[in-house]
Amino acid sequence: MKNKILPFSVIIIFGIIFFIFYKGLQNSNIYTPDKNISSDIPSTNFKNFNSNIIFNSLNFFQDDKVYLLNIWSSWCIPCRQEHNFLMSLKKKKKIILIGINYKDNKKNAENFLKELGNPYDQIFIDNDGTISIEWGAFGVPESYLISNNKIIKKYIGPLNQQYVDEINLLIK
Amino acid sequence: MRFLYIIFLLFFLLNLTSVKGEEQDRINNITKNLRCLICQGQSVYDSDSEFANSIKILVENKIEEGLSERQIYNYFKKKYGDWILYDPGINKNTYILWLLPLLIFLIGGAIIYKKLIKKI
């Protein structure tokens with residue numbers, strides 16, 4: 001009986017390890033960031049696109065309004081794709097659109113807005129990309145829905161009709 | 001007098017470069033333990049993507065603000081989750097990883113000990 005305990009326990013341990021690895025195989029190894037977050041807005045210094053005036057993000061957002069903060073750039077192709085959706089959101093007037101111009105040339109950014117229209121109520125500059133990192137961004141484009149000084153939803157990648165419908169539902 | 005002045009200037013410049021060098025070493029150490037989230041299998045230190053370059057600048061800014069290495073890791077962990085760290089601490093997702101080798105070591109040790117005792 002005693003001699004049987006050792007092989008038996010070895011088989012059980014191997015069985016457990018096999019089970020853990022087998023389970024692990026089924027998990028996706030592609031990293032997907034958490035999009036349903038509810039976190040406080042970070043304290044960053046926003047520099048205005050036209051006037052170079054600096055605001056702190058904590059003083060900028062008002063409690064009773066809903067904001068969509070959109071990180072964009074003139075060199076980013078998906079930003080062109082989502083631009084129409086931003087223009088349609090602008091017509092709603094229930095939401096304030098804030099643009100963060102990411103690592104861009106001012107002239108190119110101005111031409112981009114001239115060509116496709118300016119949906120933003122305010123634009124800020126992020127020359128070295130650090131403001132976007134402070135907001136937890138991965139790249140461009142990326143959008144954050146902000147209400148009551150909290151980020152309530154994060155949209156990674158270009159906005160599409162499904163996202164816009166969702167935003168319209170949330171701001172109703 | 002001029003000689004002394006030159007010596008003083010040289011000493012000052014050398015000191016300045018060594019301070020800068022130390023800071024760069026700290027930035028390198030920290031960025032080597034941060035995963036570039038948009039690259040495949042690269043650390044922030046290795047990567048030259050827009051994301052990684054911005055993080056490098058931010059790490060430098062945080063060091064200048066006087067944050068410790070641990071505080072900088074916690075800062076990024078809060079923003080991007082545990083995945084950004086190559087060396088995450090013990091939490092509910094990683095405790096098996098930390099404890100399993102220890103457990104196997106203890107069980108193995110106990111088996112060997114028992115066998116030895118038997119022989120003696």
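S51(A) sits in the loop that links β2 (45-48) and β3 of chain A. Helices and strands are DSSP runs, numbered from the N terminus; helices are H or I of at least four residues, strands E of at least two. S51(A) counts as exposed because it has 7 C-beta neighbours inside 10 Å. The classes are set by other C-beta atoms within 10 Å, with C-beta atoms placed from the backbone: 20 or more is buried, 12 or fewer is exposed, and anything in between is partly exposed. Between the C-alpha atoms of S51(A) and F112(A) the separation is 19 Å, and the two are 61 residues apart along the chain.

The model is predicted; local features need pLDDT of at least 70, side-chain atom pairs count only at pLDDT 80 or more, and totals for chains, interfaces and linings use all residues. Residues are numbered from 1 along each chain as its sequence is written, while chains are lettered from A and ligands numbered from 1 in the order in which they are written.

Chain A holds an open sheet of 8 strands. Their order is β1-β8-β7-β4-β5-β6-β2-β3, and the pairing is mixed. Two strands pair if DSSP finds at least two bridges between them. β1 (39-40) and β3 (54-56) of chain A stand at the edges. Each has a single partner strand, so one side of each is left without a neighbour in the sheet.

Strand β4 of chain A spans residues 66-72. Of its 7 residues, 6 are buried, so the strand is mostly covered. β4(A) runs parallel to strand β5 (residues 95-102) of chain A, and 7 bridges join them. Within this pairing, L69(A) has I98(A) of β5(A) as its bridge partner. From β4(A) the chain passes through helix α3 (residues 77-90) of chain A to β5(A). This β-α-β crossover is right-handed. The term means that, with the strands pointing away from the viewer, the path from the first strand over the helix to the second runs clockwise.

β4(A) also pairs with strand β7 (residues 142-147) of chain A, here in the antiparallel sense over 6 bridges. L68(A) has L145(A) of β7(A) as its bridge partner. β5(A) in turn pairs with strand β6 (residues 122-126) of chain A, in the parallel sense over 5 bridges. I98(A) is bridged to Q122(A) in β6(A).

Most residues other than glycine have a negative phi, and most peptide bonds are trans. The peptide bond from V140(A) to P141(A) is cis, with omega near -10°. K103(A) is not a glycine, yet its phi is positive, at about 40°. With 17 other C-beta atoms within 10 Å, K103(A) is partly exposed. N149(A), also not a glycine, has a positive phi of about 60°. N149(A) has 14 C-beta neighbours inside 10 Å and counts as partly exposed.

Helix α6 (residues 161-170) of chain A includes Y163(A). Y163(A) has 18 C-beta neighbours inside 10 Å and counts as partly exposed. Y163(A) and F85(A) are 78 residues apart in sequence, but 9.2 Å apart in space, C-alpha to C-alpha.

Chain B has 4 helices and 0 strands. Along the sequence its pattern is α-α-α-α. The radius of gyration of chain B, taken over C-alpha atoms, is 23 Å. Of the 120 residues of chain B, 15% count as buried.

An automatic or database domain assignment supplies the domain bounds. Chain B is divided into domain 1 (2-88) and domain 2 (89-120). The centres of these two domains, taken over C-alpha atoms, are separated by 38 Å.

Note on methods: Rg over C-alpha atoms; globule rule 2.2 N^0.38 Å.
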